[in-house]
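Welcome, and keep your viewer at hand. We will go from one selection to the next and look at what sits there.

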Amino acid sequence: MQDQTQDQRRRQSWMSTLAKAAFSQLEHQVTLLGELPPYERLRAPEIGLAMVQGRAGGTGQPFYLGEMTLTRCVVRLQLQGESEAIAGFGYVAGRSHRHAELAALCDALLQHPTWHEAVQSTVIEPLNQVAQEHHKQQQQQVEATRVNFFTMLRGES
């Protein structure tokens, strides 16, 4: 049971990385993998809406923030000599059909032992590094404009 939970967390992590990555960066990293195995679309990329929920103050009462456009895709990877096909899922914000398809393909490849390391080191790790650098730059911009307010107490004599 614990292995399944750890596997789920790892998959959630790489799916999050694939979904949040800029399309141009994802496409570039995937091309570095070279020739990819054939796959078929089980569910062609399609655009839909999802209801986004927020919380007051980040932790308070939930409320509906609004709708968000997303694109999803499901592919099946059937490698030669393998008895079972692997399904890969891609959900991305916005309307990019190709982004959703590449995310689904990478998800399927990451589930296959032969392709896992190559995709992890060539696609996921570089995309994570870019995301961390972007986050660090945002933090520096926020810090540069931070204003600290304080109140001085008057002494009573």
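Start by selecting H99, A100, E101, L102, A103, A104, L105, C106, D107, A108, L109 and L110: these are the buried residues of helix α3, where buried means under 20% relative accessible area with a 1.4 Å probe and protein chains only. This is a predicted model, in which local features need pLDDT of at least 70, side-chain atom pairs count only at pLDDT 80 or more, and totals for chains, interfaces and linings use all residues. Residues are numbered from 1 along each chain as its sequence is written, and side-chain values use heavy atoms, without hydrogens and water.

Now widen the selection to residues 97-110, the whole of α3. Twelve of its 14 residues are buried, so the helix is mostly covered. From first C-alpha to last, α3 reaches 20 Å, close to the 20 Å expected at 1.5 Å a residue, the expected span being 1.5 Å times one less than the number of residues. Helices (H or I, at least four residues) and strands (E, at least two) are DSSP runs, numbered from the N terminus.

Next, select 39-55 and 62-77. These are strands β1 and β2, which pair in the antiparallel sense over 14 bridges; pairing requires at least two DSSP bridges. Pick A50 and you will find its bridge partner in β2, M68. Six residues lie between the strands of this hairpin, and there G57 takes a positive phi near 70 degrees.

Key. Buried < 20%, exposed > 50% of the residue type's maximum accessible area, 1.4 Å probe, protein only.
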